[in-house]
Amino acid sequence: MRNLSKSKLMAYRQCPKRLWLEIHKPELKEESEATQASFSIGYQVGDIARKLYDPEGSGNLVDIDTLGFPGVFAATGEFLKEHHPIFEASFQAKGALALADVLLPLDNDSSAWRMVEVKSSTSVKDIHHDDIAVQAFIAQSSGLNLVSVSLAHIDSSWTYPGGGDYRGLLNEVDLSAEALTRGEEVQGWITGAQGIAARKSEPPAKIGAHCDNPYPCGFYDYCSKDEPKVEMPIQWLPRLHCNSWLENGIHDLRQIQPDLLDPIQQRVQDCTIRGKEFFDRVGAAKYLQPHALPGYFLDFETIQFAVPIWGGTRPYEQIPFQFSLHHLSADGLLRQEAFLDLSGKDPSRPFAEKLVAVCGSKGPVFVYNASFEKTRIAELGKRFPDLSKKLLAINDRVVDLLPIARNHYYHPSQQGSWSIKAVLPAAVPELSYENLEGVQNGGMAMEAYLEAIHPGTPVDRKAEIEKQLLAYCGLDTYAMVRLWQVFSSSLSGFAGQ
């Protein structure tokens, strides 16, 4: 019998087949960029937690990379004798093993300990209850006198004061009453998981909602390779709760009666089946008619940090570091303004000042998905009260192009999406984000920004990143100009511009 790690047990809880593949065919696993990023964030939060729970630096780290197995268990046993904080304390019992993020001695009893599991989320999630139950059971079963178990998560309302002072970053929640009483349940999971691990062949499992819940499974591509290839999957129907349909064998949107769908879903279904574009030119133009030129077309790029690096910012706060703005005059003259700060300093203040300077005082400010830009502008207004009036005045002028696209335009190539990256190549075929070098989406923009502000990035590479970011964000706003032209095409005197 092998010792199963906590992560293996959680994989079993999600899907027995996932556990089997983790053990017997790990080479088939393909982690997404988002999953890899979450690992990186977790390591960063863990480093901060060690400083918060051991400010004097008297604690001990059980370094698995150095000690390996079974060395970590022996080291943990020795550290338990010292009555100091222990990080990554390692325990094995009952056919399972676990590493505790933080283990703290109780001041009033040298033989008693409390455990703290540290998460990069901003709240206690359902899966965390199982997580800490496993941790507590394995530690107790190994002989540890564990009297308290808590979960520390990030407090997204906390503002970083700067200077490396992260006191207040983590909010600790006591889950002892639950975690210390689920031993029999956890033992059942271990027994079941051991049975799966011992199988010579993979257990059967169908593709379903569990593939992404609670975490995206890296074996999805492998498991789905033998699934029926659907020409028109029902997942293209927006706002459709697909699971119940899939469970009943409904995979193709042609199998669904139109009267069971809302008007937008019906439109997607009809356009997809017929292979025809839908464009309500009159309705689109009517929506835009009250918003006369001159007009501004605006787009932001933002970055967020689980552990803030700039004073005055909060965990996971969307901090704008770049914008592009195209200005279209009443006579059709188009010009662009741009802002991009790659200095590594907080870009918020210069961003806000430049935004106020280039947006003028009148004329519509077109965006695509207004809630994003308007929220960022409002946040900047709160941070910089002296600019608040001018920033909020920009918000009052914002006009969203997304509802026009959603209500008046659809092309089969969009596959149920109204993101600008799906609509643009359909409505304006000569433009495409695929022609950009380096940065082609928001996620890539964030990665490029982090690389650019890193002190070790060479000057020539930083210049290359700057060029790519400017091109990407610039295409976002130029795309809006072109979409505005398409949607305005039935307005008198403008068609064809």
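The second largest pocket in this predicted model has a volume of about 680 Å³. A pocket here is an open set of points on a 1 Å grid over the protein atoms alone, with protein on both sides within 12 Å along at least five of seven lines, and lining residues have an atom within 4 Å of a point. Points are joined across faces, edges and corners, and a volume is the space filled by probe spheres set on them. There are 20 lining residues for this pocket, and Ile207, Glu227, Gln235, Leu246 and His251 sit closest to its centre. Helices (DSSP runs of H or I, at least four residues) and strands (E, at least two) are numbered from the N terminus. Sorted by class, the pocket lining holds nine nonpolar, six polar and five charged residues. Nonpolar covers Ala, Val, Leu, Ile, Met, Phe, Trp, Tyr, Cys and Pro, charged covers Asp, Glu, Lys and Arg, and the others, Gly among them, are polar.

A word on ground rules: residues are numbered from 1 along each chain as its sequence is written. Local features need pLDDT of at least 70 and side-chain atom pairs pLDDT 80 or more, while totals for chains, interfaces and linings use all residues, and side-chain values use heavy atoms, with hydrogens and water left out.

A search of the whole structure turns up two cavities of 30 Å³ or more, a cavity being a set of grid points where a 1.4 Å probe fits but cannot get out. The largest cavity holds about 110 Å³ of space. Of its 14 lining residues, Cys15, His210, Cys211, Cys217 and Cys223 are the closest to the centre. Both α2 (16-24) and α8 give two or more residues to this lining, with the largest share, three residues, coming from α2. By class, the lining splits into nine nonpolar, two polar and three charged residues.

The second largest cavity comes in at about 40 Å³. Its lining includes Glu317, Gln318, Ile319 and Pro320, along with Ser348, Arg376, Glu379, Leu380 and Arg383.

Next come the helix pairs. Packed helices are described by the angle between their axes and the distance between the axes. Axes are lines fitted to C-alpha atoms, for helices over the stretch in contact, and angles run from 0 to 180 degrees between N-to-C directions. The axes of α12 (residues 348-358) and α14 (residues 385-396) come within 10 Å and cross at roughly 55 degrees, so the two helices are oblique to each other. Angles under 35 degrees count as roughly parallel, over 145 as roughly antiparallel, 65 to 115 as roughly perpendicular, and the rest as oblique. Arg349, Ala352, Glu353, Leu355 and Val356 of α12 make the contact (heavy atoms within 4.5 Å) with Asp386, Leu387, Lys390, Leu391 and Ile394 of α14. That contact has six nonpolar, no polar and four charged residues.

Helices α1 (residues 6-14) and α5 (residues 126-141) pack at about 135 degrees, with axes 10 Å apart, which makes α1 oblique to α5. Lys6, Leu9, Met10 and Arg13 of α1 meet Ile127, Asp130, Asp131, Val134 and Gln135 of α5.
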